[in-house]
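Please keep the sequence and the model in view while reading.

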Amino acid sequence: MSEETVKTTSAGTASSADEDLILELKGITKIFPGVKALDNVHFQLRRGEIHALMGENGAGKSTFIKVITGVHAAEEGHMYLNGQEVHFKGPKDALEAGIAAVYQHPTIYPTLSVTENIFMGHEFIRHGMIQWSTMNKEAQKLLDRLDADFKPTAEMGALSVAQQQMVEIAKALSTDAKIIILDEPTAALTANESEKLYRIVEQLRDSGVSIIFISHRMEDMYRLASRVTVLRDSKYIGTYDVDKITNADLIKAMVGREIKDMYPKPKVEIGEEAFRIEGISRLGYCKDVSLNVHKGEIVGLTGLVGAGRTETMEAVCGIAKASAGKIFVDGKEVHIKNPTDSMKAGIVLLPEDRTKQGLIMDWGLGDNVTLPIQDEIAKGPFKVKNIQQEREISKHYLEEVDTKALTIYDLGSSLSGGNQQKVVVAKALAQKNMKVLIMDEPTKGVDVGAKAEIYSIMGDLAKQGYAILMISSEMPEILGMSDRIYTMCKGRITGCLDISEATQERLLELSMEHGNEEKEAAQ
Amino acid sequence: MEEKTSVWKRLRSSREVSLVLILVIMLIAVECIQYFGGNGHFLSPTNIGQIFRNNALTMLMALGMLCVLLTAGIDISIASTLGFCGMVVGMLQKNHICQNTLLLFLLAAVIGLGCGLLNGLIIAKCHIAPIIVSMGFMYIWRGLAYVVSGNQWASGADVAHFAEFGKDGSAGPYIVLIVAYVAFFIIMKWTRFGRRIYAVGSNSEAASVSGINVDRVLISVYMIMGFLAGLSGALSVSIYASAQPNMQYGKEMDVIAACVIGGVSMNGGRGSVVGTFLGALFYAVLAKALPLVGLDSIWQNLIKGVVVLAVVLLNTLTQRAMDRSNLERREM
Amino acid sequence: MAGKSGRTIDITPRKGKFFRWETGLIFIFIAVIIFGNIVSPSFNVKSVFMNMPKYLAEMFMMFAMGYILIIAEIDISVGSIVCLAATMTCFANNAGLPMAAQVIICLGVGTLCGVLNGEILTHFQELPSMIVTLGTQIIFRGIAEVSMGSGGSISLSDTKGFAALGGSIGIVPIAFILIIIAAVCFIFILSKTTTGRKMYAIGSNHTTALYSGIKVQKIRRNCYILIGAMAGVCAMFMLATSFGANTTTGQGFEMDVISMCVFGGIATTGGKGNLIGASIAGFTIVLLKIVLSLLNISGQTILVIIGILLIVSVMIPSINEQITNKKKKAALAAKA
């Protein structure tokens, strides 16, 4: 039907014409203002296969999924479903065509029942009345099929993320979806829960559903997928058979560049201990966490999503209450009840979510930078704003981190993710007595170029003698920037490796180990 | 730990059950005090009838407020809409333009519907906080009620025929209440439209993704609210046999309070018709019972307020205890 | 010191926009004056000042309500606080306490109510302020009703002190002078001090404010205490013109005050607007009320005008935004 021929890249395996393709996308290009989010991407899904979609953060996976599910319309390219070209105007069209997506953060109705979440939009109706008992029975059937341990009448908001994901899968099944897309489904799950999910996915495949599986975790892919498509920097890199490609080749396809260029880590003389926490506990999130950071040292803290890294640091910085534990700065114990205390003690947290926690997006950059220090430079007993000095301070630090902005009055929302992160760093630097910098996922959602800049800023800060603790889920940056790496799992520290002994596999193992042990103990 | 959680959960999830329990206990207590004090039954047909009749307006409008609160909105213009519609109905009779009871009720309801439509249109299409828009209309309709009245009241003789419908002993108000509650019970639980209101309030983003026209749902809930407020306006004139421009001033707060007691969440998505009914009934019984147990009616507001605040705070504490026990259960 | 790329960032202050909300308000204010002059022969400075005290009392609360709205909260209990404070002051007056004690009681009761609101809201942060203040609204009025007893009203037995408070210096009412002083203080704090900026930060994004080391809960609590105290001031000046209180005293004040703020350009979603606009809006409404009263038009008709002003004033920015959004989208589409 199309005169175009499928372009096969040198790395990709050529597809034979007689394959039973349920979904095919050719030359998809999606442009957002100023950015090409997808650049000529191809994808083929066979009937009844589990196809992994891999790539780094920002490689374009989510955008690609949104094109398939009709949330975004692609500027260029064609999409064929069962050989027929289709154009989706919205998510509803895709649903009706049998394509359902289960997102990492499920879009749920928290106050409604599981049944209602499953059947919203396609309820069973007779004589204009919703048939609750039939729907509950159907929901129960779906949940039984997924081996779920909760009732269809349970309230959605009361379920765990894993259970909510299961409901989303049930929802996909209820629409008779032929293609189910799972977006990072295991990211928030424990090892046990992941295993259960694997079994469900396999069961779905056996019943004839085709599955697209997005994940960061190699073991997900090896466990489930038969083929894998790799995206990098918004471009299509190739499609490979999972049992024919080596791990190293796959990583090279995903990263595609020498890691050395990316992580300009300077040699820094590591000084004495600047920061130590002992036995920090927070109910339900972490238990007995102890670690330390020296002057000039960059310490990585890694673990799976939900391991309690962020929550621990929130307790340290006084944003949440710690139930136990001691904090030392320069060997002296400090007592932190709120973020103000934490800043006074010299501990500054750069939060994970820049737009919601780090910056006030509809304020100018200058005001953002000086927000924490305005009291210190204010004039007189009434604390009159010292606008002149604030301007100079914000200019100084914004320039020091090389922010791409014209004036200090530019709005936070006008900057890219990377530059927003720089403003947050400038905001921390403006605090004169800062000694310890805790960076939570500093490069999340930052494009590749800006990432390198942020790493170089981190290096500079280490050189200036700041103690840096970096929380990150991204193995390459953990391995590239850290001097020492702690791993956390289920709220506990599970290991501390020197950079010389750390490998991706070892770290992953430590991030999971605790859970596996527990699982074995339980059995 | 497990058991404790489930008790909490059950208590929380069935606000209706706990309300019924409290109501029953309250009724028995008042009944005993009354009966053994030699004052006859509290639960006499007359008393029960009065409880409903005196609070018919609150009960009726609580249904509309339920819909509005379910979408995480609020409408504080309802007492003014009521006043405006009631005043129009009153003046039409005073000036001998129309005396047909049914027609007058219909007219009031239609005017109310129009008021609600305006309210909803601005809230949904301009994305302005509902409290501000409805505050504006609160002034406008109340002001128009004064304009329509021309500084006059419609009283006794003017509305004599109309008041037949709502006078003490007439079945009118009860029929309106029963019809409204049965209809809403069915709509909110068993129809797609009712469930869409819940969906929009629970997660409006998810609702629009699953193809629900959020704006249309929002506009229709404010129209429902306006309709009921208009109807209440006519009912008010009929029950109290008078129409004054400042009638039922401040009623919106009573209505909201009844909903809140009945377990309707102001954050949207949570609440039921049964709960709303029980909340309004609780409020009504409280008002009727207080004088009988020796508390002057001037104590009414204070006790109402304490009850509202206590319910809200208790709810929060329960939620906290639940969250805490959930955290404690997490394996580490 | 410039960054690695040598890029410099400009700090020259930007010129303010030519047309601001306040500019528009001033035009409306002038229009009301012109309107007054045309329609009423008795409209002059003297008559305005003479009629003013009646309408001014509410404005004291407006400033504090501005703070509350800017930190993205709401307090609908202030009308009831006015009622309670006025009632208690009447009791103190009737008990023969000296004027100073009466003033202290009036302010004290208001402050205490504010403390109660503030404490509940900071200890139960998950509750919307609307619902808590709805509860306390009923309670405060309830206490007033109970203390007034079955009569439902109470009046001052010794009106001398309050009559003096309601008097004038020359032709300028004391209330007006105090309003101007209050306005200057409140505007100064909001727009010139770091405290003011903290309030804007909380209203814009309270999470970021918390992460930036701002004591969010302390400021919230203080705002509620402040508005309680200002409700006390309002009660005082209300007594100075009405010499008594009844169960409907202060009813609807909260809405009047909120609408002045919103008309003055303060967004109920927080972080936007300032008290200069709110002050002009407040005076415009007071002036309008005076003009209509001079014309012997029922005070209630003005409700329609206030309502329309309120709705139009919130619709203009919203429609404006929608138009610019559409333009932006069209521009992007053209680019792509």
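A nonpolar core is a set of buried Ala, Val, Leu, Ile, Met, Phe, Trp, Tyr and Cys residues joined through C-beta atoms within 7 Å. A residue counts as buried if 20 or more other C-beta atoms lie within 10 Å of its own, as exposed if 12 or fewer do, and as partly exposed in between, with C-beta atoms placed from the backbone. The largest nonpolar core here has 376 residues, and those with the most contacts inside it are A:Ile468, B:Leu60 and C:Met61.

This is a predicted model, in which local features need pLDDT of at least 70 and side-chain atom pairs count only at pLDDT 80 or more, while totals for chains, interfaces and linings use all residues. Residues are numbered from 1 along each chain as its sequence is written, and chains are lettered from A and ligands numbered from 1 in the order in which they are written.

**Confidence**

- The model scores ipTM 0.85 and pTM 0.87.
- The pLDDT, the predictor's confidence in each residue from 0 to 100, averages 84 in chain A, where 90% of the residues score at least 70.
- Residues 1–17 of chain A have a pLDDT below 50, and this stretch has 19 contacts in the model beyond near neighbours in sequence; two residues are in contact if their C-beta atoms, placed from the backbone, lie within 7 Å.
- Residues 514–523 of chain A also stay under 50 in pLDDT, and the model has eleven contacts for them beyond four places in sequence.
- Where pLDDT is low, the predicted coordinates should not be read in detail.
- Chain C has a mean pLDDT of 88, and 95% of its residues reach 70 or more.

**Chain A and its domains**

- Chain A has 19 helices and 22 strands; helices (H or I, at least four residues) and strands (E, at least two) are DSSP runs, numbered from the N terminus.
- Of the 523 residues in chain A, 48% are buried.
- Among the contacts in chain A with a separation of 6 or more, 69% join residues 24 or more positions apart.
- The domain assignment of chain A gives domain 1 (270–346 + 433–523) and domain 2 (359–431); such bounds come from an automatic or database domain assignment.
- The centres of domain 1 and domain 2 of chain A, taken over C-alpha atoms, are 26 Å apart.
- In chain A, 13 residues of domain 1 are in contact with eleven residues of domain 2.
- Helix α17 (residues 448–463) of chain A provides the largest share of the domain 1 side of this contact, five residues.
- That side of domain 1 of chain A comprises eight nonpolar, two polar and three charged residues; Ala, Val, Leu, Ile, Met, Phe, Trp, Tyr, Cys and Pro count as nonpolar, Asp, Glu, Lys and Arg as charged, and the others, Gly among them, as polar.

**Buried elements of chain A**

- Why is strand β10 (residues 210–214) of chain A described as largely enclosed by the rest of the structure? The description applies because five of its five residues are buried.
- On one side of β10(A) lie A:Ser210, A:Ile212 and A:Ile214, on the other A:Ile211 and A:Phe213, and all are buried.
- Strand β3 (residues 50–54) of chain A runs parallel to β10(A) and is joined to it by four bridges; two strands pair if DSSP finds at least two bridges between them.
- A:Leu53 stands opposite A:Ile214 in β10(A).
- Strand β9 (residues 179–183) of chain A is likewise parallel to β10(A), with five bridges, and A:Ile181 has A:Ile212 as its bridge partner.
- Helix α10 (residues 309–316) of chain A has seven of its eight residues buried, including A:Arg309 and A:Glu314.
- Just after α10(A), A:Gly318 takes a positive phi of about 85°.

**Contacts between chains**

- Chain B contributes 40 residues and chain C 41 residues to the contact between them.
- With 14 residues, α7(B) gives the most to the side of chain B that touches chain C.
- By class, that side of chain B has 29 nonpolar, eight polar and three charged residues.
- The contact between chain C and chain A takes 28 residues from chain C and 41 residues from chain A.
- On the side of chain C that touches chain A, α8(C) gives the largest share, five residues.
- The residues of that side of chain C divide into nine nonpolar, twelve polar and seven charged.
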